[in-house]
Amino acid sequence: MNMQNFSALFERHIFDMKKNGQYRTFIELERIVGQFPVAYRLSQDGTKELVTVWCSNDYLGMGQHPAVLNAMHEALDLYGAGTGGTRNISGTNAQHVRLETALASLHRKEQGLLFTSGWISNLATLGTLGYVLPNSVIFSDQLNHNSMIEGIRRSGAEKHIFRHNDAEHLDKLLSAVNPNRPKIVAFESVYSMDGDIAPIEAICDVCDRHGALTYLDEVHAVGLYGPNGGGIAEREGLSQRLTIIEGTLAKAFGTMGGYITGPSALVDTIRSMASSFIFTTSLSPHIAARALEAIQQVKAHPEIRAQQMKNVIKLKNMMLDAGIPVLDSQTHILPVIVGNAHLCRKITDRLLAEYRIYVQPINYPTVQRGQERMRITPTPFHTEEQMSLLIDGLLHIGRDVGWLATPASHYS
């Protein structure tokens with residue numbers, strides 16, 4: 001096959017994605033320190049305009065916190081921009097070790113291990129666990145993240161999927177497996193598309209009865225919940241009941257990287273055997289130093305999290321009063337259901353063009369067809385004026401495109 005034929009194939013894939021509403025567009029932004037959640041949007045002609053971002057995973061604005069930025073600058077000046085190697089070949093720095101110790105303490109575990117992203121931490125750990133435990137079986141929540149699914153697939157272990165947040169179904173599946181086989185149950189605490197929370201205690205009870213290891217992904221909860229920001233497990237006093245707690249530095253802590261925490265022997269096994277850890281250049285020292293400072297700031301300033309939740313509740317109530325179809329989320333994530341990929345794209349495009357509001361449409365395969373949505377994440381820094389503008393934009397555009405059929409006179 002020549003290059004011309006290859007190009008035709010690629011163009012056909014792109015055409016099909018656009019037709020089905022799966023094609024992804026990327027909005028080019030310039031974040032502005034001190035003005036989050038406002039950023040510059042860059043156009044193709046090089047012009048800029050200010051937009052308000054409503055879909056950032058920098059949940060607490062730690063990406064602009066002065067103390068966090070200072071820690072990054074100091075580490076950069078002291079240690080340079082990179083590590084010069086993988087963790088096992090000249091790439092382990094003091095900043096990595098300090099951060100791993102802090103993360104283990106945050107989750108009340110013996111040891112922590114850093115990765116370049118949360119996606120890689122799930123892929124590496126689940127892929128390795130299923131491989132090193134002979135004849136193991138992995139049980140995965142129906143709505144687990146792609147990185148967990150890929151890790152389980154890579155492990156080669158037998159896999160069973162239990163209904164979302166259904167501890168009884170998990171119990172039935174575990175009961176059908178030979179009790180002598182190693183069993184791993186993988187699930188999340190906060191699910192990022194619906195904003196719902198796993199019944200962690202009930203799942204731990206089931207796992208204890210069957211002697212199963214527990215693997216909890218706290219990516220969308222760490223930094224936000226619990227007295228110290230240790231996530232939902234810490235909030236509910238369940239951290240010590242979980243075998244492995246995985247998290248990210250890229251959301252509430254505002255930087256990049258992922259990690260796991262757990263028993264020393266288990267974590268050391270992953271460190272020694274996970275190829276995506278062994279053969280990857282380590283995080284730059286200034287990134288690790290920045291993340292460590294962000295953890296300290298989150299612990300020391302619970303008022304930031306309190307303000308975020310106050311804003312979440314305020315916006316959610318405004319949406320409900322206006323008749324906007326927001327899911328009854330239990331968390332900081334407010335999913336607004338549209339139910340059609342092209343309509344979802346049209347609404348978000350118009351919000352950006354007419355109101356300078358940036359919300360990314362969430363379409364298949366991230367969510368199931370018919371569940372297309374806008375995933376809105378209020379921060380501590382969104383103002384009531386910005387909330388009102390968002391409501392006005394959703395109402396005006398929603399009625400205009402036939403998504404919202406009944407005007408909400410309270411806001412019209």
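# Close-up views of a predicted protein chain

View 1. The protein chain exposes about 18400 Å², and carbon and sulfur atoms supply 52% of it (accessible areas come from the Shrake-Rupley method with a 1.4 Å probe, and for residues only the protein chains shown count as cover). Please keep in mind that this is a predicted model, in which local features need pLDDT of at least 70 and side-chain atom pairs count only at pLDDT 80 or more, while totals for chains, interfaces and linings use all residues. Residues are numbered from 1 along each chain as its sequence is written, and side-chain values use heavy atoms, with hydrogens and water left out.

How many helices and strands does the protein chain have? There are 14 helices and 14 strands (helices are DSSP runs of H or I with at least four residues, strands are runs of E with at least two, and both are numbered from the N terminus). The radius of gyration of the protein chain is 22 Å, close to the 22 Å that the globule rule gives for 412 residues, so the chain is as compact as a globular protein of that length (the radius is taken over C-alpha atoms, and the rule is 2.2 Å times the number of residues to the power 0.38). Along the principal axes, the C-alpha atoms fill a box of roughly 60 × 60 × 55 Å. Of the 412 residues, 54% count as buried (buried means under 20% relative accessible area, exposed over 50%, and partly exposed in between, with a 1.4 Å probe and protein chains only). Among contacts between residues at least 6 apart in sequence, 70% join residues at least 24 apart (contact means heavy atoms within 4.5 Å).

View 2. Rolling a probe the size of a water molecule over the atoms shows where empty space is left. On a 1 Å grid over the protein atoms alone, a pocket is an open set of points with protein on both sides within 12 Å along at least five of seven lines, a cavity is a set where a 1.4 Å probe fits but cannot get out, and lining residues have an atom within 4 Å of a point. The second largest pocket has a volume of about 170 Å³ (grid points are joined across faces, edges and corners, and a volume is the space filled by probe spheres set on the points). Helix H2 (66–79), helix H3 (94–106) and helix H11 (285–300) each supply at least two residues of its lining. Which helix gives the most to this lining? That is H2, with 5 residues. Residues to look for in the lining include Ala71, Tyr79, Arg98 and Leu292. By class, the lining has 8 nonpolar, 1 polar and 3 charged residues (Ala, Val, Leu, Ile, Met, Phe, Trp, Tyr, Cys and Pro count as nonpolar, Asp, Glu, Lys and Arg as charged, and the others, Gly among them, as polar).

View 3. A search of the whole structure finds 1 cavity of 30 Å³ or more. About 100 Å³ of space lies in the largest cavity. Strand E4 (111–115) and helix H10 (275–278) are the elements that give two or more residues to its lining. Among the lining residues are Arg87, His96, Phe115 and Phe277. The lining divides into 5 nonpolar, 6 polar and 1 charged.

**View 4. Ser284, between two helices.** Ser284 sits in the loop between H10 and H11. Is Ser284 buried or exposed? Ser284 is buried, with a relative accessible area of 16%. Not counting residues up to four places away in sequence, Ser284 touches Ala81, Gly82 and Thr83. The C-alpha atoms of Ser284 and Gly85 are separated by 9.9 Å, although these residues are 199 apart along the chain.

**View 5. Two cis peptide bonds.** A cis peptide bond joins Phe36 and Pro37, with omega about 15 degrees. Pro37 belongs to the loop between strand E1 (29–31) and strand E2 (38–42), and counts as buried at 2% relative accessibility. Leaving aside neighbours within four places in sequence, the contacts of Pro37 include Val51, Phe381 and His382. The peptide bond from Tyr364 to Pro365 is also cis, with omega near 10 degrees. Pro365 is found in the loop between strand E13 (361–362) and strand E14 (373–376).

View 6. Ser90, a residue other than glycine, has a positive phi near 70 degrees. Ser90 lies in the loop between H2 and H3 and counts as exposed at 54% relative accessibility. Phi of Asn135 is near 60 degrees, again positive in a residue other than glycine. Asn135 lies in the loop between helix H4 (118–132) and strand E5 (137–141), and counts as exposed at 52% relative accessibility.
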